[in-house]
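Please look over the sequence and the model below, and then follow the points by topic.

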Amino acid sequence: MLRSGFITPKTPKKGYETALNDSAMKPILNREELKNAFRERSRTKDWAYLSCGIRFFEQFEQIYGPVASETILAFTAHLLSDVVDEIGLPDDVIGDLGKDGFAIITKIALADSVVTCLKTRFSAEILEHYSQVDRDRGYIIARDKIGKELKVPLMRLAVGKISAADRFG
């Protein structure tokens, strides 16, 4: 059921910005920095660009509110940083694409491992951000624009990949 008390104008992303400034994390680049990093990396023939988005994030935000949604963004930023630190290389970069989107630039040889680890960990760890009732059900209940009740799946990470192999064949 929709919690109307949580439908408020967008609040500043204080929690998310704090997470992005965490010294234990790999830096998260803004769009301009990411564009420059991609321009530099795309001169080589071993890059892969991973575009990551959180499926069903808007519905989660509608039900759980802006504070919980900021927590999800911080969680995702930390997860990406952890996985890149674990699997990637020191010169790999992570960027913030806005709203619920992130990007990673890594080596082609590492891209599939990064994607698999991200999706596996996200699916397992995202559950702690839901109520026990929603976890048990496996979905949240939201309403569409005309008030019809919808069963919305729990969030998952969608990752698209392009690489130098796609570009240079």
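Helix α3 (residues 57-64) and helix α4 (residues 66-87) pack at an angle of about 140 degrees, with their axes 7 Å apart. That angle makes α3 oblique to α4, where oblique is the class left over once angles under 35 degrees (roughly parallel), over 145 (roughly antiparallel) and 65 to 115 (roughly perpendicular) are set aside. The model is predicted, so local features need pLDDT of at least 70 and side-chain atom pairs count only at pLDDT 80 or more, while totals for chains, interfaces and linings use all residues. Residues are numbered from 1 along each chain as its sequence is written, and side-chain values use heavy atoms, with hydrogens and water left out.

**Contact of α3 with α4**

- On the α3 side, Phe 57, Phe 60, Glu 61 and Tyr 64 meet Pro 66, Ala 68, Ser 69, Ile 72 and Leu 73 of α4, contact being heavy atoms within 4.5 Å.
- The residues of this contact divide into seven nonpolar, one polar and one charged.

**Helix α3 and its surroundings**

- Phe 57, Phe 60, Glu 61, Ile 63 and Tyr 64 of α3 are buried, a term for under 20% relative accessible area, whereas exposed is over 50% and partly exposed lies in between (1.4 Å probe, protein chains only).
- These buried residues pack against β2, α4, α6 (132-137) and β5 (139-143).
- After α3 comes Gly 65, which has a positive phi, near 95 degrees.

**Ser 69 in α4**

- Ser 69, which lies in helix α4, counts as buried because its relative accessibility is 1%.
- A polar atom of the Ser 69 side chain lies 2.9 Å from the backbone oxygen of Pro 66.
- When neighbours within four places in sequence are left aside, Ser 69 is in contact with Phe 57, Phe 60 and Glu 61.

**Helix α2**

- In α2 (residues 31-41), the residues Leu 34, Ala 37 and Arg 41 are buried.
- Seen down the axis of α2, its buried residues fall within an arc of 65 degrees, so they line one face of the helix; the arc is taken from the directions from the helix axis to the C-beta atoms.
- Arg 31 and Glu 40 are exposed residues on the face of α2 turned away from its buried side.
- The cover over the buried residues of α2 includes β1 (28-29), β2 (47-55), β3 (93-98) and β4 (101-107).

Terms used. Helices (H or I, at least four residues) and strands (E, at least two) are DSSP runs, numbered from the N terminus. Axes are lines fitted to C-alpha atoms, for helices over the stretch in contact, and angles run from 0 to 180 degrees between N-to-C directions. Ala, Val, Leu, Ile, Met, Phe, Trp, Tyr, Cys and Pro count as nonpolar, Asp, Glu, Lys and Arg as charged, and the others, Gly among them, as polar. A polar contact is a pair of N or O atoms within 3.5 Å; within protein, one must be able to donate a hydrogen and the other to accept it, and residues adjacent in sequence count only if both atoms are side-chain atoms.
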